[in-house]
Amino acid sequence: MAPEVITALRPKNGGVYIDMTFGGGGHTRALLNTNKSITVLAVDRDPVAISKATELSKEVAIKSHKLNISQKVIPIHGKFSSVMRSIHLSGINFGTVDG
């Protein structure tokens, strides 16, 4: 389903995207594989998934530096009911999310 998500979102440079069910990170990786300069907020309530998101965040930081692109993964541990506050606290302004 990740290819369909990428087609529907049409990621753009400088875009901010939220993966509300990070899980194993398939959709986040698909977004990153577009090689656009993007930020992905990786949200999940499962500590194992957040651990994976944290590792991916580190990998992306290294890749971005090597390729001279601006990609970022921001892990957010939480429930849907509190995610808007967590997103705002991560530095993302309301109304600036692209998908």
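These entries record what I looked up in a predicted model.

**Basis.** I worked with a predicted model in which local features need pLDDT of at least 70 and side-chain atom pairs count only at pLDDT 80 or more, while totals for chains, interfaces and linings use all residues. Residues are numbered from 1 along each chain as its sequence is written, and side-chain values use heavy atoms, with hydrogens and water left out.

**Strand E2.** I took helices (H or I, at least four residues) and strands (E, at least two) as DSSP runs, numbered from the N terminus. Six of the six residues of E2 are buried, so E2 is largely enclosed by the rest of the structure; buried means under 20% relative accessible area (1.4 Å probe, protein chains only). I found both faces covered, with Thr39, Leu41 and Val43 on one side and Val40, Ala42 and Asp44 on the other.

**Pairing.** I counted strands as paired if DSSP finds at least two bridges between them. E1 (residues 16-19) runs parallel to E2 and is joined to it by four bridges. Six bridges join E2 to E3 (residues 72-77), also in parallel. Aspartate 44 stands opposite histidine 77 in E3.

**Cores.** I read a nonpolar core as a set of buried Ala, Val, Leu, Ile, Met, Phe, Trp, Tyr and Cys residues joined through side-chain atoms within 4.5 Å. The largest has 15 residues, and Phe22, Leu31 and Leu56 are among those with the most contacts inside it. H3 gives the largest share of this core, four residues. Leaving aside neighbours within four places in sequence, I noted leucine 56 in contact (heavy atoms within 4.5 Å) with Phe22, Thr28, Arg29, Leu32 and Val73.

Conventions
Buried means under 20% relative accessible area, exposed over 50%, partly exposed in between (1.4 Å probe, protein chains only).
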